[in-house]
Amino acid sequence: MKIPILDLKPETEGLWGELTAAIEEILKSGQFILGPKVAAFEKEIAAYLGTKHAIGVNSGTDALVIGLRAAGIAPGDEVITSAFTFFATAEAISLVGATPVFVDIDPRTFNLDPQEVAQAVTPRTKGLLPVHLYGQAANMEPLMELAEKHHLKVIEDTAQAFGGDYQGKKLGTIGHVGCFSFYPTKILGAYGDGGLIVTDDDEIAETARTLRAHGAKQNYYNETIGYNSRLDALQAAILSVKLPYIDQWISGRREAAQYYNELLKDTPEIVLPYEAPYTKHVYNQYTIRVSNGKREQLHRQLQAAGIGTMIYYPVPLHKLPVYAGTTPRLRVAEQYAQEVLSLPIWPQMEKELQETVAEKIKEILTAE
Ligand SMILES: Cc1ncc(COP(=O)(O)O)c(C=O)c1O
């Protein structure tokens with residue numbers, strides 16, 4: 001039997017009728033890029049998140065690039081971010097000509113450690129880019145206080161945490177700009193690339209809308225160098241079908257995570273994911289830490305047994321060749337890159353499959 005790391009089939013099959021009807025409507029409309037479906041989706045998702053503006057773009061990476069620029073981050077600026085995240089987080093900072101300044105993570109949450117951030121602020125710092133990794137919120141309150149003190153813009157990388165909250169407020173709506181990815185494996189996934197920028201700031205929103213369309217508010221009257229980064233109507237229509245189910249799916253992920261916690265709680269080599277008291281973790285990933293240098297072996301043997309696991313991420317960003325030499329040792333990020341392992345999880349995952357995964361893990365870890 002094979003257990004994938006993510007099975008999208010239950011979601012797709014459950015909504016087959018609604019999805020095909022929505023796709024058919026777009027095919028008949030002949031309007032494939034932006035247009036009324038994208039505008040309607042932007043309105044729906046803004047209401048769900050509780051934000052004033054939502055701007056659909058091509059990808060989460062573009063959301064970050066455009067979000068950073070719209071927030072005023074410019075060449076020469078420094079933006080403090082986590083060393084333990086997907087490459088796109090830092091890539092976006094570099095793409096706008098700014099410098100990513102990597103700091104270490106909180107050992108419990110895997111996210112930016114506010115004390116480390118405080119020490120990394122320099123006169124060139126213009127922004128903070130917290131990531132809500134795996135679906136768990138970064139500790140936003142101290143970060144927002146720092147931002148206020150030093151007049152910094154906060155751009156949230158919410159690619160992995162759609163629907164998550166911080167003290168009851170939706171992630172992505174706490175900083176000045178929130179950036180989301182609709183990559184198919186995300187909590188709210190499209191059937192292709194897609195992304196979103198959210199903000200309560202009218203000026204940032206207008207700049208982001210202009211930048212996504214070649215720097216033009218009105219076609220052919222381009223004001224600045226922008227991007228071709230518009231959300232497809234097909235993806236917007238698909239996302240509109242899925243959005244009403246999102247809370248139910250998040251509950252399914254949380255239940256699956258609780259069940260793994262129960263199944264794996266007495267396994268000494270494993271550190272279970274932590275849920276910070278200020279948030280409701282949405283478990284885009286259920287990520288354990290495996291101590292005693294057994295992670296590689298566990299990963300390999302689970303793969304061999306047909307159980308899909310992933311290492312997010314094997315190299316902290318400051319250790320990648322493009323950023324090598326920029327950063328002194330970051331103890332937690334470097335250690336965790338050797339220890340993390342993400343297990344199969346999806347909202348409708350059957351308990352028996354989780355039991356199989358847990359049994360196999362225990363079997364492998366106790367084999368020697
Ligand atoms: C933390 C993080 N940031 C940014 C991105 C980039 O999103 P996308 O793949 O939609 O460009 C992703 C996802 O791939 C991500 O996980």
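Where does Leu-34 lie? I found Leu-34 in the loop between helix 2 and helix 3. Leu-34 has a positive phi of about 50 degrees, although it is not a glycine.

**Ground rules**

I am reading a predicted model, where local features need pLDDT of at least 70, side-chain atom pairs count only at pLDDT 80 or more, and totals for chains, interfaces and linings use all residues. Residues are numbered from 1 along each chain as its sequence is written. For my notes, helices (H or I, at least four residues) and strands (E, at least two) are DSSP runs, numbered from the N terminus.

**Another backbone detail**

I looked up Tyr-312 and Tyr-313 and saw that a cis peptide bond joins them, with omega at about 10 degrees. Tyr-313 sits in the loop between helix 11 (295–304) and helix 12 (331–337).

**Two domains**

I checked the domain assignment next, and it gives domain 1 (9–244) and domain 2 (246–366); such bounds come from an automatic or database domain assignment. The C-alpha centres of domain 1 and domain 2 lie 24 Å apart. Their contact takes 31 residues from domain 1 and 28 residues from domain 2, where contact means that C-beta atoms, placed from the backbone, lie within 7 Å. On the side of domain 1 that touches domain 2, helix 5 and strand 6 (165–166) are the elements that give two or more residues. I sorted that side by class and noted 17 nonpolar, nine polar and five charged residues. Here Ala, Val, Leu, Ile, Met, Phe, Trp, Tyr, Cys and Pro count as nonpolar, Asp, Glu, Lys and Arg as charged, and the others, Gly among them, as polar.

**The ligand**

How many residues surround the ligand? I noted 15, and the closest are Ser-59, Gly-60, Thr-61, Ala-159 and Ser-181; a residue is near a molecule if its C-beta atom, placed from the backbone, lies within 6 Å of it. Helix 4 (60–70) and helix 5 (87–95) each supply at least two residues of this shell. The shell divides into five nonpolar, eight polar and two charged residues.

I turned to helix packing, where two packed helices are described by the angle between their axes and the distance between the axes. Axes are lines fitted to C-alpha atoms, for helices over the stretch in contact, and angles run from 0 to 180 degrees between N-to-C directions.

The axes of helix 2 (residues 16–29) and helix 9 (residues 233–242) come within 9 Å and cross at roughly 150 degrees. That makes helix 2 roughly antiparallel to helix 9 (under 35 degrees counts as roughly parallel, over 145 as roughly antiparallel, 65 to 115 as roughly perpendicular and the rest as oblique). Their crossing is right-handed; the rule is that a crossing is left-handed if the near helix is turned anticlockwise from the far one by less than a right angle, and right-handed if clockwise. By class, this contact of helix 2 with helix 9 has nine nonpolar, one polar and two charged residues.

I then followed helix 3 (residues 36–49), whose axis comes within 8 Å of that of helix 9 and crosses at roughly 40 degrees. Helix 3 passes helix 9 in a left-handed crossing. Lys-37, Val-38, Ala-40, Phe-41 and Glu-44 of helix 3 meet Ala-233, Ala-236, Ala-237, Leu-239 and Ser-240 of helix 9.

**Helix 4 again**

What about helix 4 and helix 8 (residues 202–212): how do their axes cross? The axes come within 9 Å and cross at roughly 130 degrees, so helix 4 and helix 8 are oblique to each other. Helix 4 passes helix 8 in a right-handed crossing.

Key: Two residues are in contact if their C-beta atoms, placed from the backbone, lie within 7 Å.
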